[in-house]
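Please read it alongside the sequence and the coordinates.

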Amino acid sequence: MTEPRNGLTYAQAGVDIDAGAALVEAIKPLAKATRRPGADAALGGFGALFDLKAAGYADPLIVSTTDGVGTKLKIAIETDRPDGVGIDLVAMCVNDLLAQGAEPLLFLDYFATGKLDVPMATRVVAGIAEGCRQAGAALVGGETAEMPGMYAAGDYDLAGFCVGAVDRAGVLPRLADQRRGDLLIGLASSGPHSNGYSLIRKIVDLAGLAWDAPAPFEAGASLAAALMTPTRIYVKSVLPLAKAGRLKACAHITGGGLVENPPRVIASGLAARFDWSAWALPPVFAWLADAGGLSEPELRRTFNCGLGLMLVVAPGEAPQVLAALLEAGETAFVCGELATA
């Protein structure tokens, strides 16, 4: 065998295979802690198997979702706050599954960066594992991509992929069952969740505030800490109601806010009529509206305005549904009704 002419290695090109292997070893216990019936959450294979029969499904449909964290990551990178973005990543996927009545079963992530920082990446994956624990999903694998020249120093990006299942009879929304007068139940958000952060960052810039400045809308917290509050995961409180057939629809209030998301789960000829007096606009949104000079339509179309999930229920079901949600720790309230479009 002839000697190589220049002796170059992959590491000299900017990709550290040993760092990637070290990350896999570091996150194996995190993945193992998310084991659930149907999946053993072991890492290292080329694919992940899931046993739907072991998970208790008789006539299942598979539901899949994918999402990212968006420019909320820019704040995490600039302020060294990677710990909660993994929860955001999981939440954006599993709350979408919930809107179909589906149970999250397994989750995979994609982490891309220019140069792999193993301790920082481990903090990100620890957040992903925590999100999976909250959602009852198994973290079964993912991909770490080290791509020199693609990302600026310190930058990284995330994508998440979730697979869930729902028995055929339990698929949401139940459009044919919806009627004028059905009630809308809102579940409080934990803040902007992972939506509208390009606008949020623009407002912060125009306000001339530093990320470590006191939050104008939350006492005792820095601006960065307040805005990095992770997205709320609603699976454990709402999924039992969906499985019990108590819900006619469920809308995850993400990009498009309260204007574009509800129509996605409402039957033709009907529309969501919100009672805007049913809940107080949380301080973070009031501050964003004031500091950014946002019109009411712009605010409602960009942000969740304090309502992270919207359910549609028959009037007779509302008391039991509200009681169950409150017992599960949610802040829930009737926020409107279905009306003729």
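## Surroundings of Thr113

Leaving out residues up to four places away in sequence, Thr113 touches Ala145, Glu146, Met147, Tyr151, Asp155 and Tyr156, where contact means heavy atoms within 4.5 Å. This is a predicted model, in which local features need pLDDT of at least 70 and side-chain atom pairs count only at pLDDT 80 or more, while totals for chains, interfaces and linings use all residues. Residues are numbered from 1 along each chain as its sequence is written, and side-chain values use heavy atoms, with hydrogens and water left out.

Thr113 belongs to strand 2 (residues 103-113); helices (H or I, at least four residues) and strands (E, at least two) are DSSP runs numbered from the N terminus. With 3% relative accessibility, Thr113 counts as buried, a term that stands for under 20% relative accessible area, as against over 50% for exposed and partly exposed in between (1.4 Å probe, protein chains only). A polar atom of the Thr113 side chain lies 2.8 Å from the backbone oxygen of Asp155.

## Helix pairs

Two packed helices are described by the angle between their axes and the distance between the axes. Here the axes are lines fitted to C-alpha atoms, for helices over the stretch in contact, and angles run from 0 to 180 degrees between N-to-C directions.

| Helix pair | Angle | Axis distance |
|---|---|---|
| Helix 3 and helix 4 (residues 118-135) | about 40° | 6 Å |
| Helix 7 (residues 235-243) and helix 11 (residues 318-327) | roughly 150° | within 9 Å |

Ser237, Val238 and Leu241 of helix 7 meet Val321, Ala324 and Leu325 of helix 11.

Beyond its neighbours within four places in sequence, Met310 is in contact with residues including Leu184, Ile185, Cys250, Ile253 and Phe274.

In helix 9 (residues 283-292), the buried residues are Val284, Phe285, Trp287, Leu288 and Ala289, and what covers them includes helix 5 (197-207), helix 6 (223-227) and helix 10 (296-302). Just after helix 9, Gly293 takes a positive phi of about 60°.

## Backbone features in loops

His193, although not a glycine, has a positive phi of about 60°; this residue is found in the loop between strand 5 and helix 5 and is buried, with a relative accessible area of 1%. Cys305, likewise not a glycine, has a positive phi near 55° and is placed in the loop between helix 10 and strand 8 (307-313), where Cys305 is buried at a relative accessible area of 3%. A cis peptide bond, with omega about 0°, joins Leu172 and Pro173, and Pro173 sits in the loop between strand 4 (156-167) and strand 5 (183-188).

Definitions and conventions: A polar contact is a pair of N or O atoms within 3.5 Å; within protein, one must be able to donate a hydrogen and the other to accept it, and residues adjacent in sequence count only if both atoms are side-chain atoms.
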